[in-house]
Amino acid sequence: MNQTKKPEEETEEVYEKSTATQLTTVWKKLKASKLAVFGGVIVLAVILTAIFGVYVTPYGPNDLWVHKQLTPPFSEAILGADDWGRDVFSLLVLGARVSLYVGISAVLLEAAVGLTIGMIAGYFGGVIDEILMRFTDIVLTLPTLMLLIIAVSMFRIRGLTVIILVSGLLGWPFLARVVRSEFLTLKESTFVEAARSVGASNWRIILRHILPNTMSSIIVLLTMDIPWYIFYEASLTFLGFGDPTAASWGILMERGRRFLGTEGWWIATFPGLAILITSLGFNLFGDGLRDALDVKTRAR
Amino acid sequence: MTLITYTIRRLIIIVPTFFLISIVIFTLIHLAPGDPISIMAANNPLRLNQTVIDKLRVEYGLNEPIYVQYLVWIGKLFKGDLGFSYVHNKPVIKMISIRVPRTLELMIIVQAVSLILAVILGVVSAVKQYSLTDALAKVGALIGYSAPSFWLGLIGIIVFAGYLKWLPPFGAQTGGVLYPTIFHVWFDHFKHLLLPVSILSFGWMAYLLRLVRSSMLEVLRSDYILTARAKGLSERVVIYKHALRNALLPVVTYEGYAVGFLLGGAAVIESVFSWPGLGQFMVLAATGRDFPTLMGLSMIITLMVLISNLIADLTYGIIDPRIRYD
């Protein structure tokens, strides 16, 4: 999105800028894009809901029969009630925490594995690179959802942890490739040579000198990966492999599926809408960040 | 490098991948608590006593070390024996083989529809950047990849099957109806296909569209396009002959890697629509903890993914103007 740059923008970046000025430029560019601001507002709203939602919701997930069974929305219950008389709006607010928890944990796991492999492969090159990249290719082709289904159903632990572990451990290959290719270019640059000439160790060069320069692409990629993990969790839960104790959007949709006809369309509809809006927010914000940080990574 | 050596090289990479995945799946399933015999015993109406269970364990080789079990399993796999499902009391291969065509049909139609639409829309929105078409395509793509497909499926069922009653909500064929001609049967099948295909294609097209558009924009700015235009070639030739070919390369690469992802999405959609394909069967097998079926299904799906990768690799080789086989 907005891939074309005006020529004056391209020449602007020739000289080095201090971190503070760089951040101001990024912020200005972000603010200039309406879609990015829109996405950012959504992301912020979801984060705030996840953190403070528990304290402001009128009802909890275990408050049964606070409304009449299957109360329609836009009545005394703003988004209706489910078949146990629970308040759908409250459940949605609580679901934000589960989704965000899954998304962020899995992304952190992805970052840990993807960064390590990408950094080592790109920096050391040679046989190590060859082996790590073949391995990355293999993991990249693995059908994630299939393995998630096997893992979750086999271990009989219907928990978020299994979902986070498996999806995070399978989700890193793309990140690893991007980090590797950036390291491949950056390790030839003069600042790395300079660091090496004053006796900096390999790991110091990797972590202190090269890694900070790859942060833009990493941040953009990770931002846009969060919705994927939210999808995985919701899909699995919807298929019946989720954590029945977590008040997630997926579980609400699974319950609501039975009432799709006419008597309870809202139970499954609103959580889906919540996922759509959340993922829209992260995608728009990520797109905006990419343009603002001038990352050349292609859309996945 | 000839096309044959290129193919052989790709095939050589596929073999270790296949074994690696088979080992992962085998260990994963065997690490799990409860073995096939206990499942069988649980499903058996006659209460089996411990001596019988132990005897069966020996008979099925479940007391052997795990690597021996793996070798026996993989050996049978190559002979086309995927094991026996104790839950369904049928050979696994038999149940899978009737479901493969259903999933293949879904996959192929979805791929074709979404690829064609994505290329057309992607090219138009890249060539006419910031036009109304571009904006609409962008918004459509944004919704397509932000919306959970199973949710769209549910909405589709509510609207088109529940409310409007235009399309059937479930299955691949209306049961218990005798149609006068084969065309009626096909039409009925087509109506069942329409919703799942549209929803999967919508999401899939969104990803591809983004890719086509951004890579097309990139290619259109490159020097060789300027050269082509400078030569006085018509815009149509420049775009469709020179630019599109290069712009499609990342799309093909992506297709190769993403088949597994698409199959995952199909599993969810198949479950939503009770489409009798591999994905829905996998969900059923996992819910019923039907180990042999689950292992057999995983291997078949892995094989499908690997073959698709190979096809994508070869296509890449064919359309990339820089790769020459001779």
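At what angle do helix H8 (residues 182-220) of chain B and helix H10 (residues 235-272) of chain B pack? That one is taken up in point 2, after a quick look at chain B as a whole. Bear in mind throughout that this is a predicted model.

1. Chain B overall. Chain B has 12 helices and 2 strands, and along the sequence they run α-α-α-α-β-β-α-α-α-α-α-α-α-α. Its C-alpha trace spans about 85 × 55 × 40 Å along the principal axes. Of its 326 residues, 36% count as buried. If you take the contacts in chain B with a separation of 6 or more, 73% of them are between residues 24 or more positions apart.

2. H8(B) against H10(B). Back to the opening question: these two helices pack at an angle of about 155 degrees, and their axes are 9 Å apart. H8(B) is therefore roughly antiparallel to H10(B), as angles over 145 degrees count as such. Their crossing is right-handed. On the H8(B) side the contact includes B:Pro196, B:Trp204, B:Leu208 and B:Met216, and on the H10(B) side B:Asn246, B:Pro250, B:Tyr254 and B:Ile269 are among the residues met. By class, the residues of this contact divide into 18 nonpolar, 4 polar and no charged.

3. H7(B) against H8(B). H8(B) also packs with helix H7 (residues 149-163) of chain B, here at an angle of about 140 degrees with the axes 10 Å apart. This crossing is right-handed too. B:Ser149, B:Leu152, B:Gly153, B:Gly156 and B:Phe160 come from H7(B), and they meet B:Leu195, B:Ile199, B:Leu200, B:Phe202 and B:Gly203 of H8(B).

4. An open helix. Is helix H3 (residues 50-59) of chain B buried or in the open? None of its 10 residues is buried, so H3(B) lies largely in the open. After H3(B) comes B:Gly61, which has a positive phi, near 75 degrees.

5. Where the chains meet. In the A–B contact, 40 residues of chain A touch 47 residues of chain B. On the chain A side, helices H5 (126-141), H6 (144-154), H10 (202-238) and H12 (265-293) each supply at least two residues. H12(A) gives the largest share, 9 residues. That side of chain A has 25 nonpolar, 12 polar and 3 charged residues.

6. The core. The largest nonpolar core has 159 residues, and the ones touching the most other members are A:Leu148, A:Ile149, A:Ile150 and B:Met282. Helix H4 (residues 88-124) of chain A contributes the largest share of this core, 18 residues.

7. One residue of H4(A). A:Val113 lies in helix H4 of chain A. With 18 other C-beta atoms within 10 Å, A:Val113 is partly exposed, because a residue needs 20 or more to be buried. Setting aside neighbours within four places in sequence, A:Val113 is in contact with A:Leu169 and A:Trp172. A:Leu175 is 62 residues from A:Val113 along the chain, yet their C-alpha atoms are separated by 9.1 Å.

Technical notes. Residues numbered from 1 in each chain as written. Chains lettered and ligands numbered in written order. Predicted model: local features only at pLDDT ≥ 70, side-chain atom pairs only at ≥ 80, totals over all residues. Contact = placed C-beta atoms within 7 Å. Helix = DSSP H or I, 4+ residues; strand = E, 2+ residues; numbered from the N terminus. Nonpolar A, V, L, I, M, F, W, Y, C, P; charged D, E, K, R; others polar. Buried ≥ 20, exposed ≤ 12 C-beta atoms within 10 Å, placed from the backbone. Core = buried A, V, L, I, M, F, W, Y, C linked by C-beta atoms within 7 Å. Axes fitted to C-alpha atoms, helices over the stretch in contact; angles between N-to-C directions. Parallel < 35°, antiparallel > 145°, perpendicular 65-115°, else oblique. Left-handed = near helix turned anticlockwise from the far one by under 90°.
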